[in-house]
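Please read the following report alongside the sequence and the three-dimensional structure shown here.

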Amino acid sequence: MASSSPASHTDTAVAPALPVVTPLSPLTGTVAHHFTVDVEEYFHVSAMEPHIRVAEWDGMESRLEPSMDRLLGLLDAHNAKGTFFVLGWIARKYPHIVRAIADGGHEVASHGTMHQRVTMLTPRQFRDDIREARQLLEDLAGESVIGYRAPSFSITADRLWALDILVEEGYQYDSSLFPIRRAGYGLRNGLRDPYWISTAAGPLLEVPPTTLRRAGQTLPAAGGAYFRLFPLGIFRRAFQETGERGHPGTFYIHPWEIDPDQPRVAGIPLTTRIRHYGGLGRTFSRMERMFFEFRFTSIRENYGSVLTLSARPER
Ligand SMILES: [Zn+2]
């Protein structure tokens, strides 16, 4: 979830260095875009960190299951597949939800274990977090987990060591490098379409969330609070233009974003209230409109042929 205001920016700061990257060739035929879900509860959101302690998580009301049913139903209704970046904490507590994702033919991917932003972790802590999540998820899904998305897109220019560790831990693609600049996240000079990154540990496919370029600015147009609060036309244009370039766009949403009746967390600042609760009631119908206009699938479905889909590792 975004931790700063949904506003545009200009490309003015000095660009941080990215590792060597290679753009992917365009896909042939009609492009199917990526429908992705960060599977977590409303109380896992980074903006709620100051207000809900980890020790309180177990006692919070769960809202996940009905929203997951609606999301899986939406995909089924449109004969579409999706990629679900599941939090390890969720896998441990609700294993049947992970099995339901896999049984539906969707991709189970990793959102780490405890939803700590990469900017808050040491390399050792990051490795432990993504290793634990992958093991939990693979044991439930019964197949290898190859994809990762960082909480709050928090692999920033000074945390690119995380990409090496992802490859070392068996991940084959990442979907965390949002090519925009924000406080706490975003990689402002990142490419906008999928690309290979040469890490010290080997190649990693990067699948960035969708953006729209207008008047020299890169606007976030992938989902989340922006999708709830900004005009839908921005998102329709962004996915249309990405498809016309021959590349899949990557949409993201959280289960709590289609749950207008979720418990309201007391004492949070006005900006967080707007970002977290704004537009909840219209998110689902907006997604339905996107599904009528675009074809969606999982990241694994689009790129399985260029990734090594090895069998589930024995442990
Ligand atoms: Zn998250």
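The model is predicted, and local features need pLDDT of at least 70, side-chain atom pairs count only at pLDDT 80 or more, while totals for chains, interfaces and linings use all residues. Residues are numbered from 1 along each chain as its sequence is written.

Helices (H or I, at least four residues) and strands (E, at least two) are DSSP runs, numbered from the N terminus. Strand β3 (residues 83-86) is covered on both faces, with Thr83 and Phe85 buried on one side and Phe84 and Val86 buried on the other; buried is used for a residue with 20 or more other C-beta atoms within 10 Å of its own, exposed for 12 or fewer and partly exposed for values in between, with C-beta atoms placed from the backbone.

The strand pairings, each of which requires that DSSP finds at least two bridges between the two strands, are set out in this table.

| Strands | Sense | Bridges | Example of partners |
|---|---|---|---|
| β3 and β4 (residues 107-110) | parallel | four | phenylalanine 85 and alanine 109 |
| β9 (residues 211-214) and β10 (residues 217-220) | antiparallel | four | arginine 213 and threonine 218 |

Strand β2, helix α1 (residues 64-77) and strand β3 together make a right-handed β-α-β unit, where right-handed means that, with the strands pointing away from the viewer, the path from the first strand over the helix to the second runs clockwise. Strands β9 and β10, in turn, form a hairpin with two residues between them, and alanine 215 in the turn has a positive phi of about 50 degrees.

Helix α4 (residues 123-141) and helix α5 have axes that come within 10 Å and cross at roughly 40 degrees. The two helices α4 and α5 are therefore oblique to each other, since angles under 35 degrees count as roughly parallel, over 145 as roughly antiparallel, 65 to 115 as roughly perpendicular and the rest as oblique. Their contact is made by Pro123, Phe126, Arg127 and Ile130 of α4 and by Trp161, Ala162, Ile165 and Leu166 of α5, contact meaning that C-beta atoms, placed from the backbone, lie within 7 Å.

Valine 167 lies in helix α5 (residues 161-168), and counts as partly exposed because it has 18 C-beta neighbours inside 10 Å. Leaving aside neighbours within four places in sequence, valine 167 is in contact with Thr199, Ala201, Gly202 and Leu204. The C-alpha atoms of valine 167 and alanine 200, 33 residues apart along the chain, are separated by 8.8 Å.

Note on methods: Two residues are in contact if their C-beta atoms, placed from the backbone, lie within 7 Å. Axes are lines fitted to C-alpha atoms, for helices over the stretch in contact, and angles run from 0 to 180 degrees between N-to-C directions.
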